[in-house]
Amino acid sequence: MHQALLIPEVLLEIFSHVTEEPPESSTGVTTGVVSLSQKSLAALATICKAFYEPAMDLLWSEINISESLLGCVTRLHPLIYRGGGLWNWAVGVRPLSVDEAHQFLRHSARIRSLIMLSNRLLHLFSDIPVMLYDFPRLMSLTISTRYLNFLLSHTLHRHHLATVDEDIQPIVTRFAALERLRIFTPDTINAVDSTADALFRISDVVRLCKQLVTLSCPLFDWAAWTHISNLSTLTRVDVGDTLTDATPPSPLERDITNFSPFSNVTALSFLLHGAAYAITVMQRSQFPSLKEFRLDVRVLSSPEAEQLFRALSKCKACETLEKILVYSLRHEHNDPQTNSLSVIPYLLCFTQLRTLDLACYDLCINLDDVILLEAMSAWPHMRNLEIEDSRFDYSPITFRGIFTMLRLCPQLDTLNISIDTTTVDIDPDVEPAQHTSLRILRLNTPGHQIPNAEALAHIIFSCLPRINRVDGYVESKWDEVNMHLKSLKDAALHATGAASNT
Ligand SMILES: *[C@@H]1O[C@H](CO)[C@@H](O)[C@H](O)[C@H]1NC(C)=O
Ligand SMILES: *[C@@H]1O[C@H](CO)[C@@H](O)[C@H](O)[C@H]1NC(C)=O
Ligand SMILES: *[C@@H]1O[C@H](CO)[C@@H](O)[C@H](O)[C@H]1NC(C)=O
Ligand SMILES: *[C@@H]1O[C@H](CO)[C@@H](O)[C@H](O)[C@H]1NC(C)=O
């Protein structure tokens with residue numbers, strides 16, 4: 001064997017390519033099927049002593065607590081694999097004994113990334129003393145609140161993990177070193193009690209983490225926010241879950257002080273029922289590095305929208321924010337006629353903005369030609385502009401407005417906006433300048449047919465060379481324009497073909 005292969009770092013580097021799966025097997029592990037890379041690593045581990053450690057380190061570096069893994073417990077193996085493996089094989093099966101747990105977790109020291117989501121398997125772990133869950137190299141944990149409750153209930157006698165006795169020190173240390181934490185609420189939790197309980201546990205756990213880089217989890221309390229706001233390692237925070245029907249229990253102590261600046265956070269997102277929680281966070285924070293902000297809510301009233309966009313504009317991200325995405329659904333309590341807010345003026349300070357996607361179906365954003373022009377003067381780097389105005393029967397934006405605006409944003413790639421098509425108010429003989437970036441044009445057209453489709457197609461053909469068709473919500477409205485556009489393109493193609501043949 002070549003001497004180079006005796007250096008563990010060299011072997012690790014070589015073996016790490018084994019874990020790059022070919023695309024067709026990218027689904028990885030499923031019940032009873034071991035992925036190709038796992039097989040290869042297992043084979044490498046048996047070749048010689050020198051290969052064993054690095055191959056095993058890689059084989060066990062990412063572990064998803066799942067059926068296939070439990071297959072290595074002798075008692076469970078036949079249950080899992082006999083008869084092709086029934087999905088409910090674990091029902092009524094006795095939990096792992098301490099000996100079995102020793103066997104199952106004997107490689108836990110190699111685990112860097114651990115996934116514990118399968119609630120069907122949870123009871124199998126209920127008899128294992130918590131001391132066995134020792135993962136000294138763990139960096140990334142993806143866990144459901146069920147497993148979390150269960151791990152902590154072994155150890156938690158007091159209210160806060162921060163004030164702990166010695167027997168849970170290993171767990172505290174493990175969380176302190178985590179770089180990636182993802183917590184999921186199982187879909188089946190709907191009682192408010194268990195949500196409140198989860199919030200409490202999650203807040204505790206978040207406060208234990210001292211080196212987080214990314215955090216993705218359901219709601220947590222302000223003390224935990226205060227804690228993470230001072231983590232200089234933190235780059236990404238995704239908060240909320242899909243339980244959008246449950247009104248979140250209020251973790252909101254009234255007198256929250258301002259948070260530390262999230263100095264290194266570049267991406268922040270919320271998935272919530274209402275916007276209040278996100279507004280509170282934004283009002284108390286500075287995000288001097290923020291590049292991406294996303295909010296998904298069910299309901300957004302205009303006073304909430306006002307507070308939200310005001311807070312966003314004041315949070316020190318004016319020079320950095322590149323992407324703003326805000327979505328809300330149509331809600332019976334909010335009538336777009338009265339639920340209206342001129343949002344754009346709050347966003348003019350974001351000079352680096354590249355993507356703005358506002359789809360608030362219950363909020364009227366009051367867009368018109370003048371505001372659009374003002375916005376584009378403020379956002380010279382804009383690439384994707386998608387705005388839903390919720391005035392479904394009327395739009396004050398004109399073709400002239402759009403072509404004037406296009407001159408100010410040479411990098412625009414996607415435009416999705418509503419437009420008044422009753423008049424095509426551009427003079428085809430005084431054509432606007434060419435815009436060579438725009439690739440996707442979706443124009444929502446309230447009400448009317450498009451007059452003068454041929455002239456419009458001609459303008460699009462000569463000024464927007466990358467647009468092959470215009471899309472709309474009601475596609476048929478653009479049929480005539482698209483038909484003319486297609487014949488212009490075909491004719492041009494034919495002409496170049498003919499020219500190159502001569
Ligand atoms: C973990 O394994 C289960 C069962 O094999 C699978 O359904 C799930 O998608 C895996 N989770 C992740 C995050 O890889
Ligand atoms: C923030 O963290 C630093 C160390 O990283 C610490 O000295 C400081 O006290 C913390 N501030 C707050 C408000 O917790
Ligand atoms: C900030 O984030 C970057 C990655 O985006 C990372 O390389 C850097 O180390 C982080 N800063 C601190 C102080 O952790
Ligand atoms: C943009 O267009 C697509 C399809 O035409 C639509 O589904 C989407 O909601 C539009 N609006 C925004 C703001 O993204």
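Predicted model: local features only at pLDDT ≥ 70, side-chain atom pairs only at ≥ 80, totals over all residues.
**Entry 1: helix α2**

I looked up the length of α2 next. The helix runs over residues 36-47, which makes twelve residues. From its first C-alpha to its last it reaches 17 Å, close to the 16 Å expected at 1.5 Å a residue.

Which residues of α2 are buried? I found S37, L41, L44 and A45. Looking down the axis of α2, I saw that these buried residues fall within an arc of 100°, so they line one face of the helix.

**Entry 2: helix α3**

The buried residues of α3 are F51, P54, A55, M56, D57, L58 and L59. What do they pack against? I noted α1, α2 and β1 (62-64).

S118 was next on my list. This serine sits in the loop between β2 (113-116) and β3 (140-144). Is S118 buried or exposed? With a relative accessible area of 19%, S118 is buried. I left aside the neighbours within four places in sequence and asked what S118 is in contact with. The contacts are I65 and Y147.

**Entry 3: T355 in strand β10**

I found T355 in strand β10. Its relative accessible area is 13%, so T355 is buried. The side chains of T355 and N384 are joined by a polar contact of 3.2 Å. Setting aside neighbours within four places in sequence, I listed the contacts of T355 as E322, K323, I324, L325, M382 and N384.

I then looked up two asparagines.

The phi of N366 is near 55°, a positive value in a residue other than glycine. Where does N366 lie? I traced N366 to the loop between β10 (355-360) and α14 (369-378). At 23% relative accessibility, N366 counts as partly exposed.

The phi of N452 is near 60°, again a positive value in a residue other than glycine. I placed N452 in the loop between β13 (440-444) and α16 (453-463).

**Entry 4: ligand 3**

I listed the residues around ligand 3 as S232, T233, T235 and N264. A polar backbone atom of S232 is 3.2 Å from an oxygen atom of the ligand. For N264, a polar side-chain atom lies 2.4 Å from an oxygen atom of ligand 3. How much of ligand 3 does the protein bury? Taken alone, ligand 3 exposes 360 Å², and the protein buries 35% of that.

**Entry 5: ligand 4**

My last stop was ligand 4. I found D357, L358, A359, Y361, E386, I387, E388, N416, R442 and Y473 surrounding it. Strands β10 and β11 (384-388) each supply at least two residues of this shell.

- For Y361, an N or O atom in the side chain is 3.1 Å from an oxygen atom of ligand 4.
- For E388, a polar side-chain atom lies 3.0 Å from a nitrogen atom of ligand 4.
- For N416, an N or O atom in the side chain is 2.3 Å from an oxygen atom of ligand 4.

Finally, I looked up the cover. Ligand 4 exposes 360 Å² when taken alone, and the protein buries 71% of that.

How values were computed: Residues numbered from 1 in each chain as written. Chains lettered and ligands numbered in written order. Heavy atoms only, no water. Helix = DSSP H or I, 4+ residues; strand = E, 2+ residues; numbered from the N terminus. Expected span 1.5 Å × (residues − 1). Buried < 20%, exposed > 50% of the residue type's maximum accessible area, 1.4 Å probe, protein only. Arc of directions from axis to C-beta. Near = heavy atom within 4 Å. Polar contact = N/O pair within 3.5 Å; in protein donor to acceptor, adjacent residues only side chain to side chain. Areas by Shrake-Rupley, 256 points an atom, 1.4 Å probe, with all protein chains shown as cover. Contact = heavy atoms within 4.5 Å.
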